[in-house]
Amino acid sequence: MPAPIRLRELIRTIRTARTQAEEREMIQKECAAIRSSFREEDNTYRCRNVAKLLYMHMLGYPAHFGQLECLKLIASQKFTDKRIGYLGAMLLLDERQDVHLLMTNCIKNDLNHSTQYVQGLALCTLGCMGSSEMCRDLAGEVEKLLKTSNSYLRKKAALCAVHVIRKVPELMEMFLPATKNLLSEKNHGVLHTSVVLLTEMCERSPDMLAHFRKNEKLVPQLVRILKNLIMSGYSPEHDVSGISDPFLQVRILRLLRILGKSDDDSSEAMNDILAQVATNTETSKNVGNAILYETVLTIMDIKSESGLRVLAINILGRFLLNNDKNIRYVALTSLLKTVQTDHNAVQRHRSTIVDCLKDLDVSIKRRAMELSFALVNGNNIRGMMKELLYFLDSCDPEFKADCASGVFLAAEKYAPSKRWHIDTIMRVLTTAGSYVRDDSVPNLIQLITNSVEMHAYTVQRLYKALLDDISQQPLVQVASWCIGEYGDLLVSGQCEEEEPIQVTEDEVLDVLEGLLVSNLSTPVTRGYSLTAIMKLSTRFSSVNRIKKVVSIYGSSIDVELQQRAVEYNALFKKYDHMRPALLERMPIMEKTATNGPTEIVQTNGETEPSVVEPKHPPPVTQPTSQANDLLDLLGGNDVVPVIQTTMPTKPASAGGELLDLLGDLSLSGGPAPAPAPSVPSSQPSFLLDGLSSQPLFNDIAAAGIPPMTAYNKNGLKIEFTFERANPNPNIAVITIHASNSTEADMTDFVFQAAVPKTFQLQLLSPSSNIVPAINQGTVTQVIRVLNPQKQQLRMRIKLTYTHKGSAVQDLAEVNNFPPQSWQ
Amino acid sequence: MMRFLLLFSRQGKLRLQKWFTPMSDREKKKIIRDMTTMVLARQPRSCNFLHWKDLKIIYKRYASLYFCLAVENQENELLALEVIHRYVELLDKYFGNVCELDIIFNFEKAYFILDEFLMGGEIQETSKQIVNRSIEASDMLQEDDSSEWYEVELFG
């Protein structure tokens, strides 16, 4: 067989390939040749073949069949073979293949080889890719070499020890004795790697850290070495642009940082040298700045005296003015870290930081933006906001969302006046409206509602903005909501803050209807505008027009719109007497955390809900006391009571996440319990399932889950039937059937239920409040239970009714749910 | 600690890859793709630092080659630039006015030099001369291997 081609030859050939296919063909041919050569166990050319394989591996082709060959090369006596063999091992093998363990013995032998370069190869390979098993086996050898006087080997052994410690932290102790006199070396290589080793040990173990601080007096040693580096004259071997061994200096500074952190004595001992480095280092080249940067980081982290800290911040300030982008970037990053602790010092550089917002470099702009937000306070809010809004206008889309959120946060914290606040929000909505986060819409609505005196001004400005542009959904949503609420102020031209505009009711309705038909509006936006139009029916006089619009959408394809329109129609037709009350102005809302997630609210009518609720007609107090009782009686901390949903509509839904809860529209005869506050829930998927109301639930047999008797006492029997007729498998739909076997009716029958906290419960309206005697009929009611964690269903129920003139009340626990109902 | 060092051309062809932590082949390929895309997309006069996942990426272009070094978050980026520069100087001294072709045709030598300068993600030797001397001595050992006279000298 002819001798395999040389490496250079192969490289040259492959480079002549003009297409990927051609290259692949060449490589496959060569791989085949190499494979057969390997099979022949050819010692002479193995090295050459593996080298070629490594080249092909770099091009991206598989080379795993060469792994064993690398091991054979490592075992060879020739240095050339070992060199390529170890390189191959580092490139082709790693701890995931069992094959690598076969190396252990070779490495062990080579660690004791007579030639230091062979020992070096072994140390290097072990230190780069040694697995935990290998490290355990060979740690002793490494430790031995750590004590040798050969500086070439000692430095490699030190880094190898670092790797061993990283892989097997328990072995750290065994290297401790060898570290004793590492720092008395003159050789920089050894010094550097020793500092790395000491750093690794101190970072990993607080005990080691304490040991090195107290017993070894590490700080004075390091200070001495650093001082020599700075004071010593030119040393050709380690000089970099006039600075002596910057790599070692930086490494020492880093170790000093770890030693000085939270330790007064150590910090004091290094004070002078830090000041010296900070003032004497040449700053014309990157090298000097690298050292200054590390010094600043160290000063900020240890317990330095204030003069030193000010010096550090000033260095960063100078960095900000440097022409070199990298240095400006690094300064901004460091200032961001220190802005919390040294706020005032950083404030002094505010104008430079704000200038960086205009920098062309993306990384610098981002850092400058983050830092600017951190620097905003009550004093500089107006000026800063001007700059930040200008930035928002002109920045890349990737920044807009974060910038908008930051502006909202800052405005909320430091707004000097309500008008300024609203103006700022308007500015953000109009310039970056499509990038604001989803939860800003409800937050803004809340803010606007609470600024009572600004309503006229706000609605006017929003209206004008709508006339200009209807493409930015958050803006449109907020604007529709406001127009719905304050349309009367708009039309009456009552604005004090600025020149009131003349607008008629028809014009306003035109705009809102325009939103409904526009292609730019999302379904959520359409929902907002329909609701807004509805609200105007109590504020405007052109009710007929509104009635027409509402009835048109009763047959809309969009289910959400259809539902709303149908309900609003019902309001017009059957419940017109309730309409004014339902569509009244929103009350002042409680504030929530600005950037917290919208919470899933389970109210019991007693606590103020944390998201919007429409104002309900007066008899709200009754269910509240009922709810209180439920809480009291059911006791326990793990049950959350739920109020029945009885009122048909929640016409206004602020916040895109709140979908209208639809209860039973047809209230059957008999006094319904006083309307209770509905349960707002922001789990759209849950509610969407409930949007198609009652009729579904009559289909009992669907899931095949056996019915059960939940309660049977004093003639009152309550049966539960189950089904899972909806796409969400976590929801169980239970229908209760209450029957009365006594000879007298049970009137004012109220069924209440509570479930453990991991569940959510929704009770729909009962069919009636009278359970007729002698089983002549049943009262049915639907319960929907959301059980995302698929836990065992438990329920506590409370029954109240009047029987033969006396009030009866009973509590029971229902635990016998069939497993299919909750699994 | 440094996590990896990549050298690639302006067309995105890989010339050298050194990994300081174990990773699967698939991960490596993905990282190479990500790095080349990110770095090659940078504007000519941007700063040399990038953020990628939880690492800092420092890159610098020398002639037709991009040197891309990934370090952990607590490392000093400005010093990383010096590390890259030192490696280039070492290559330059060894090859004499190094260019991309030198690294293509002598990739194993580039690795040997790197392994004398860095180890396990840390700097091993801060002196240029010592690194060069070690490489030269190792090369001499290789010469001895191929010389037929070695054994004769030993016993003769």
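This is a predicted model: local features need pLDDT of at least 70, side-chain atom pairs count only at pLDDT 80 or more; totals for chains, interfaces and linings use all residues.
1. Leaving out residues up to four places away in sequence, Asp115(B) touches Leu87(A), Met90(A), Cys124(A) and Lys156(A) in chain A, together with Lys18(B) and Gln124(B) in chain B. Asp115(B) belongs to helix H4 of chain B, which covers residues 107-117, and because its relative accessibility is 7%, under the 20% limit, Asp115(B) counts as buried.

2. Chain A contains 33 helices and 11 strands, and of its 823 residues, 58% are buried. The chain exposes about 34100 Å², of which carbon and sulfur atoms supply 51%. If one takes the contacts in chain A between residues at least 6 apart in sequence, 69% of them join residues at least 24 apart.

3. Cys106(A) gives an example of a residue whose contacts lie elsewhere in the sequence. Cys106(A) is found in helix H6 of chain A, residues 103-111, and, once neighbours within four places in sequence are left aside, Cys106(A) is in contact with Ile74(A), Ala75(A) and Tyr86(A). The C-alpha atom of Cys106(A) is also separated by 9.6 Å from that of Lys72(A), although these two residues are 34 residues apart along the chain.

4. A pair of packed helices can be described by two quantities, the angle between the axes and the distance between them. In chain A, helix H15 (residues 286-301) and helix H17 (residues 325-338) pack at an angle of about 0 degrees, and their axes are 11 Å apart. Since angles under 35 degrees count as roughly parallel, H15(A) and H17(A) are therefore roughly parallel to each other. On the side of H15(A), the contact involves Asn289(A), Tyr293(A), Leu297(A) and Met300(A), and these meet Ile327(A), Val330(A), Ser334(A), Lys337(A) and Thr338(A) of H17(A). Sorted by class, the residues in the contact of H15(A) with H17(A) are five nonpolar, three polar and one charged.

5. Helices H20 (residues 362-375) and H21 (residues 381-394) of chain A have axes that come within 11 Å and cross at roughly 150 degrees. Because an angle over 145 degrees counts as roughly antiparallel, H20(A) is roughly antiparallel to H21(A), and H20(A) passes H21(A) in a left-handed crossing. H20(A) contributes Lys365(A), Met369(A), Ser372(A), Phe373(A) and Leu375(A) to the contact, while H21(A) contributes Met384(A), Leu388(A) and Phe391(A). The contact of H20(A) with H21(A) comprises six nonpolar residues, one polar and one charged.

6. Another helix pair in chain A is formed by H26 (residues 473-492) and H27 (residues 505-517), which pack at an angle of about 165 degrees with their axes 11 Å apart. That angle makes H26(A) roughly antiparallel to H27(A), and the crossing of H26(A) and H27(A) is left-handed. The residues in contact are Val476(A), Ser480(A), Ile483(A), Leu490(A) and Val491(A) from H26(A), with Glu505(A), Val508(A), Leu512(A) and Leu515(A) from H27(A). In terms of class, the contact of H26(A) with H27(A) has seven nonpolar residues, one polar and one charged.

7. Two residues deserve a check of their backbone geometry. Most residues other than glycine have a negative phi. Asp245(A), however, has a positive phi of about 45 degrees although it is not a glycine, and Lys53(B), likewise not a glycine, has a positive phi of about 50 degrees. Asp245(A) lies in the loop between strand E2 (243-244) and helix H13 (246-260) of chain A, whereas Lys53(B) lies in the loop between strand E3 (49-52) and strand E4 (55-62) of chain B.

Conventions: Residues are numbered from 1 along each chain as its sequence is written. Chains are lettered from A and ligands numbered from 1 in the order in which they are written. Side-chain values use heavy atoms; hydrogens and water are left out. Axes are lines fitted to C-alpha atoms, for helices over the stretch in contact, and angles run from 0 to 180 degrees between N-to-C directions. Helices (H or I, at least four residues) and strands (E, at least two) are DSSP runs, numbered from the N terminus. Angles under 35 degrees count as roughly parallel, over 145 as roughly antiparallel, 65 to 115 as roughly perpendicular and the rest as oblique. A crossing is left-handed if the near helix is turned anticlockwise from the far one by less than a right angle, and right-handed if clockwise. Contact means heavy atoms within 4.5 Å. Ala, Val, Leu, Ile, Met, Phe, Trp, Tyr, Cys and Pro count as nonpolar, Asp, Glu, Lys and Arg as charged, and the others, Gly among them, as polar. Buried means under 20% relative accessible area, exposed over 50%, partly exposed in between (1.4 Å probe, protein chains only). Accessible areas come from the Shrake-Rupley method with a 1.4 Å probe; for residues, only the protein chains shown count as cover.
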